[in-house]
Amino acid sequence: MEIKDLQEEVDKMIQKYGGYWKPLSMMARITEETGELARAMNIKHGDKRSKGESDGREVEKELADVIFTALAIANAESVDLEKVFMEKLGLDYKKMKEVYS
């Protein structure tokens, strides 16, 4: 599945369940989801102790939440994430090549 397809799926779901949040609410949401990912990583790889089976330690699910929210923000901001990501990848590759050559 390509990024544009993911953006379309996210849009369908969001439109079905009430529409997009305000920009700052979406920013708060991705911050929250990133925090949950950090917590899961800390339980899995760091010093954080698990409080039980359902305490948010599933890194893959938290990562999916971050990606979903990033796709939602891209949609709300009319960003073609696939295009921008590929452009950014090219710039980063060039930059890394210069740094590590």
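The lining of the largest pocket comprises eight nonpolar, two polar and three charged residues, where Ala, Val, Leu, Ile, Met, Phe, Trp, Tyr, Cys and Pro count as nonpolar, Asp, Glu, Lys and Arg as charged, and the others, Gly among them, as polar. The structure is a predicted model, in which local features need pLDDT of at least 70 and side-chain atom pairs count only at pLDDT 80 or more, while totals for chains, interfaces and linings use all residues. Residues are numbered from 1 along each chain as its sequence is written, and side-chain values use heavy atoms, with hydrogens and water left out.

The space in the largest pocket amounts to about 310 Å³. A pocket is defined on a 1 Å grid over the protein atoms alone as an open set of points where a 1.4 Å probe fits, with protein on both sides within 12 Å along at least five of seven lines; lining residues have an atom within 4 Å of a point. Grid points are joined across faces, edges and corners, and the volume is the space filled by probe spheres set on the points. The lining consists of 13 residues, of which Ile-14, Trp-21, Arg-29, Phe-68 and Ala-72 lie nearest the centre of the pocket. Two or more lining residues are given by each of helix H1 (3-16), H2 and H3; helices are DSSP runs of H or I with at least four residues, numbered from the N terminus. The largest share of the lining, four residues, is contributed by H3.

Phe-68 also takes part in a nonpolar patch on the surface, together with Met-13 and Tyr-17, and the three have about 340 Å² of accessible area together. Patches are made of residues with over 30% relative accessible area and no salt bridge, like charges being joined within 9 Å and nonpolar side chains (Val, Leu, Ile, Met, Phe, Trp, Tyr) within 5 Å. Accessible areas come from the Shrake-Rupley method with a 1.4 Å probe, and for residues only the protein chains shown count as cover. Tyr-17 is placed in the loop between H1 and H2. Tyr-17 counts as exposed because its relative accessibility is 64%; buried means under 20% relative accessible area, exposed over 50%, and partly exposed in between (1.4 Å probe, protein chains only).

The model contains five salt bridges, a salt bridge being a side-chain nitrogen of Lys or Arg within 4 Å of a carboxyl oxygen of Asp or Glu. One of them joins the side chains of Glu-9 and Lys-12, at 3.5 Å from N to O. These two residues are separated by about one helical turn because they stand three residues apart in helix H1. Glu-9 is partly exposed, at 41% relative accessible area, whereas Lys-12 is exposed, at 52%.

Another salt bridge links Lys-61 with Glu-58, with an N to O distance of 3.4 Å. Lys-61 belongs to helix H3 and is partly exposed, its relative accessible area being 48%. Glu-58 likewise counts as partly exposed, at 39% relative accessibility. Lys-61 and Glu-36 are 25 residues apart in sequence, and their C-alpha atoms are 9.8 Å apart in space.

In helix H4, Asp-92 and Lys-88 lie four residues apart, about one turn of the helix. Their salt bridge brings the closest N and O atoms to 2.8 Å. Asp-92 is partly exposed, with a relative accessible area of 27%, and Lys-88 is partly exposed as well, at 42%. Glu-87 is also placed in helix H4, and its relative accessible area of 43% makes it partly exposed. The C-alpha atoms of Glu-87 and Ile-3 are separated by 14 Å, the two residues being 84 residues apart along the chain.

Ser-78 is found in the loop between helix H3 (59-76) and helix H4 (81-100). Most residues other than glycine have a negative phi. Ser-78, although not a glycine, has a positive phi of about 55 degrees. Ser-78 is exposed, with a relative accessible area of 66%.

Arg-39 is located in helix H2 (residues 23-45) and is partly exposed, at 28% relative accessible area. Arg-39 is 20 residues from Val-59 in sequence, and the C-alpha atoms of Arg-39 and Val-59 are 8.8 Å apart in space.
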